[in-house]
Amino acid sequence: MDLYSQILLDHGQNPRNTGQLKKATHRAEEANLSCGDKTKIELRIKNQELREIKHQTEGCLVVKFSASMLSEKLIGKTVEEVLKMGPEDLMKLLKIELTMSRLKCAMLPLLAIQK
């Protein structure tokens, strides 16, 4: 297993920034009913910048490592930057190619953040 695969596995098994955000300014939930993945995202946004992200994510390894990595990588980004992100940007961030069904899993946390 290469180093990056180990990093993804670690994020999936030991997700970062889990839990509730006491001073959240925004909250959203997304679910994929066909596979059972679900995520609840809480954000603290100040001056149009993401300052803090917490998530509660259940489901497959892909949705878990996506939520974990996004919760680390999006801190400091502007709302505009986050809203412009699409599937290609997410795959660049995750540094992996995903099948269409796995892309839906990976996109779930981003969709909740954008909501």
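**Reading a predicted model, feature by feature**

Me: At 64% relative accessibility, does N47 count as buried or exposed?

Reply: N47 counts as exposed. The cut-offs, with a 1.4 Å probe and protein chains only: buried is under 20% relative accessible area, exposed is over 50%, and partly exposed is in between. This is a predicted model, in which local features need pLDDT of at least 70, side-chain atom pairs count only at pLDDT 80 or more, and totals for chains, interfaces and linings use all residues. Residues are numbered from 1 along each chain as its sequence is written, and side-chain values use heavy atoms, without hydrogens or water.

Me: What is the phi of N47, and where does N47 lie?

Reply: Most residues other than glycine have a negative phi. N47 has a positive phi, near 55°. N47 sits in the loop between β2 and β3. Strands here are DSSP runs of E, at least two residues; helices are runs of H or I, at least four; both are numbered from the N terminus. K95, also not a glycine, has a positive phi of about 60°. The loop between α4 and α5 holds K95, which is exposed at 58% relative accessibility.

Me: How should I read a salt bridge, and how many are there?

Reply: Look for a side-chain nitrogen of Lys or Arg within 4 Å of a carboxyl oxygen of Asp or Glu. The whole structure has 9. In one of them, R16 meets E72 at 3.9 Å, N to O. R16 is in the loop between α1 (3–13) and β1, E72 is in helix α2, and the two are 56 residues apart. Both ends are partly exposed: R16 at 24% relative accessibility, E72 at 39%. D10 joins R16 and E72 in a salt-bridge network.

Me: Which parts does the R27–E42 pair tie together?

Reply: R27 lies in strand β1 and E42 in strand β2, so the pair ties together parts 15 residues apart in sequence. The N to O distance is 2.8 Å. E42 is buried, at 3% relative accessibility. Another pair is R51 with E49, at 3.0 Å between the closest N and O atoms. R51 is partly exposed at 30%, and E49 is partly exposed at 28%.

Me: Which residues touch the most others in the largest nonpolar core?

Reply: In soluble globular proteins, nonpolar side chains tend to be buried together. A nonpolar core is a set of buried Ala, Val, Leu, Ile, Met, Phe, Trp, Tyr and Cys residues joined through side-chain atoms within 4.5 Å. Here the largest core has 29 residues, and L43, L50, L70, L74, L90, L94 and I113 touch the most other members. Helix α5 gives the largest share, 8 residues. Take L90: beyond four places in sequence, L90 touches S66, L70, M85, A106 and M107 (contact means heavy atoms within 4.5 Å).

Me: What lines the largest pocket, by class?

Reply: The lining has 10 nonpolar, 2 polar and 2 charged residues. The pocket holds about 190 Å³ of space. Of its 14 lining residues, H26, L43, I45, I113 and Q114 are the closest to the centre. β1 (26–32), β2 (37–46), α3 (79–83) and α5 (100–114) each supply at least two lining residues. A pocket is an open set of points on a 1 Å grid over the protein atoms alone, where a 1.4 Å probe fits, with protein on both sides within 12 Å along at least five of seven lines; lining residues have an atom within 4 Å of a point. Its volume is the space filled by probe spheres set on the points. Asp, Glu, Lys and Arg count as charged; Ala, Val, Leu, Ile, Met, Phe, Trp, Tyr, Cys and Pro as nonpolar; the others, Gly among them, as polar.
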